[in-house]
Amino acid sequence: MKKLFILISFLLAIIASHAFAQSDFRDGYIINQQNDSVFGKVDYRLDTKNYQLCRFKNDNQITEYSPEQIKGYGYINDKYFSSSIIDGSFVEVLINGKMSLYRQGAIFYVQKQGQKLQELETKDKKVSTQYKEYRKEDDTWKGILIYLMSDCMKNSTSLLARAHLTERELTQLVTKYNKCQGTDYTVYKEDKPWTKVVIGGAVGMTYSTPKTTYHMDMYSYMEKSYTSLDPSLGFVLDFSSPRITEKLSLQPEVHISKSSYAGSVTLNTVAATEYYDTQIDLTTLSLPISLKYSLPKRKYSGYLQGGFNLDYHIQAKTKLTTEKAWVDNTFTTTESKAFDVNKKQGGFWGGIAFLKTFTHFDGSLNIRYFHMLKLSQTAGIDMNRDKIAFSVIIYSK
């Protein structure tokens with residue numbers, strides 16, 4: 001099991017390094033110096049390179065454009081970047097209208113028609129009183145917006161009282177102002193949701209191995225390890241925020257499985273030969289939650305994930321059958337509980353999945369490794385449970 005875990009970890013490392021270096025060309029366009037739109041494919045990136053360079057593919061030829069070479073570039077029904085806002089740099093245009101909103105990394109800018117560009121930022125400032133000195137958030141940016149919006153939105157002060165400097169809240173505020181003005185405006189990424197929930201169903205097989213370490217000779221009837229191969233059924237939810245990132249999501253799941261383990265140990269003593277048969281039956285509700293990193297979505301793609309898991313043993317039964325063949329040729333048989341099972345068992349896990357896109361759903365083939373701790377609550381026995389799970393997950397669209 002350890003060798004398999006090392007192999008899976010190695011594969012995950014290779015795929016992860018490849019994933020971060022992978023290009024993701026999507027339908028888009030550039031606007032050249034003559035204000036002409038040239039359509040093709042634009043590399044979709046999620047880092048600061050967006051503000052430095054545009055990678056454009058046309059007729060299978062990739063050309064890199066700096067802010068000095070083109071007026072802007074964008075993706076169909078998605079982001080748009082302009083080079084005419086800040087010299088020598090592309091800036092993402094969030095809203096274009098009577099009041100425009102821009103973003104460059106963590107910095108936001110607003111600009112009213114005919115007025116200068118205003119930077120919106122928040123930072124801590126030192127405040128001193130007679131009794132103490134402390135740091136307070138500088139909300140100068142709120143004053144800037146109140147001033148700019150005062151000609152139309154009389155309630156801007158109350159709207160900004162509890163506002164935060166985030167793309168979502170700024171987009172809502174600037175959109176309200178442009179609506180108030182009654183002039184045309186464009187909200188880029190308008191069709192892209194802030195939150196997205198995808199549901200899915202899972203079916204698979206799980207190969208599990210409880211491993212035993214005992215510290216008292218009275219538990220010498222325990223095998224060092226047990227194995228079981230069992231089917232499982234599950235339900236999956238995937239929460240993401242496409243406006244912020246398409247690559248990361250939070251995926252909680254629920255799976256149910258039934259495992260059965262058996263082991264036999266023979267011990268020879270001076271007085272008898274002892275035969276110990278151990279039976280372990282578990283019905284388990286597994287609750288894995290993970291952070292999921294998706295590779296660029298194509299017809300064939302994939303994702304990596306890792307997180308924590310809680311196994312709740314709905315039913316747990318252990319039985320120890322002891323047979324002793326005495327030197328006088330008599331036999332005795334007894335039955336008892338083998339050990340006590342913890343109702344809850346925590347652990348961690350990681351996995352890799354290969355994804356195929358269909359018309360009405362996405363299907364993935366998953367390989368996961370789980371390391372679960374403290375199956376037994378009996379003093380003197382340490383028992384962990386390793387699991388390799390193979391499953392197919394069908395995601396709705």
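Figure 1. Residues are numbered from 1 along each chain as its sequence is written, side-chain values use heavy atoms, and hydrogens and water are left out. Because the model is predicted, local features need pLDDT of at least 70 and side-chain atom pairs count only at pLDDT 80 or more, whereas totals for chains, interfaces and linings use all residues. With a relative accessibility of 25%, Gln279 counts as partly exposed; buried means under 20% relative accessible area, exposed over 50%, and partly exposed in between (1.4 Å probe, protein chains only). When neighbours within four places in sequence are set aside, Gln279 is in contact with Ser260, Tyr261, Ala262, Lys317, Thr318 and Lys319, contact being defined as heavy atoms within 4.5 Å. The Gln279 side chain makes polar contacts with the side chains of Ser260, at 2.8 Å, and Asp281, at 3.1 Å. A polar contact is a pair of N or O atoms within 3.5 Å; within protein, one must be able to donate a hydrogen and the other to accept it, and residues adjacent in sequence count only if both atoms are side-chain atoms. The C-alpha atoms of Gln279 and Arg385 are 15 Å apart in space, and the two residues are 106 residues apart in sequence.

Figure 2. The structure holds 14 aromatic pairs. Tyr51 and Phe81 are both buried. Tyr73 and Tyr75 form another edge-to-face pair, at 6.3 Å centre to centre and 80 degrees between the planes, and both of these tyrosines are buried. Tyr44, Tyr51, Tyr73, Tyr75, Phe81 and Phe90 form one aromatic cluster. Rings of Phe, Tyr and Trp (its six-membered ring) pair if their centres lie within 6.5 Å; planes under 30 degrees apart count as stacked, over 60 as edge-to-face and the rest as tilted.

**Figure 3. Lysines placed over phenylalanine rings.** The charged end of Lys57 sits over the ring of Phe25, at 4.5 Å from the ring centre. Lys387 lies over the face of Phe370, 5.0 Å from the centre of that ring. A charge sits over a ring if NZ of Lys or CZ of Arg is within 6 Å of the ring centre and within 35 degrees of the ring normal.

Figure 4. The structure holds 19 salt bridges, each a side-chain nitrogen of Lys or Arg within 4 Å of a carboxyl oxygen of Asp or Glu. Glu167 and Arg103 are joined by one of them, at 2.7 Å from N to O. Here helix α4 (residues 167–181), which holds Glu167, is linked to strand β8 (residues 99–104), which holds Arg103, and the two residues are 64 residues apart. Glu167 is buried, with a relative accessible area of 7%, whereas Arg103, at 23%, is partly exposed. Lys292 and Asp238 also meet in a salt bridge, at 3.2 Å from N to O. Since Lys292 lies in strand β17 and Asp238 in strand β15 (residues 228–241), this pair ties together parts that are 54 residues apart in sequence. Both Lys292 and Asp238 are buried. In the salt bridge between Lys337 and Asp340 (3.1 Å, N to O), Lys337 is exposed, with a relative accessible area of 54%, and Asp340 is partly exposed, at 30%. Asp24, Arg26, Asp78, Lys192 and Glu246 are linked in a network of salt bridges.

**Figure 5. Nonpolar cores.** A nonpolar core is a set of buried Ala, Val, Leu, Ile, Met, Phe, Trp, Tyr and Cys residues joined through side-chain atoms within 4.5 Å. The largest such core has 21 residues, of which Leu120, Trp141, Leu145, Met149 and Leu170 touch the most other members. At least two residues of this core come from each of β7 (89–96), β8, β9 (107–112), α2 (140–149) and α4. Helix α2 supplies the largest share, five residues. Leaving aside neighbours within four places in sequence, Leu145 is in contact with Val110, Leu120, Leu160 and Leu170. Another core, of 16 residues, lies apart from the largest one and includes Tyr219, Tyr221, Leu320 and Val341.

Definitions and conventions:
Helix = DSSP H or I, 4+ residues; strand = E, 2+ residues; numbered from the N terminus.
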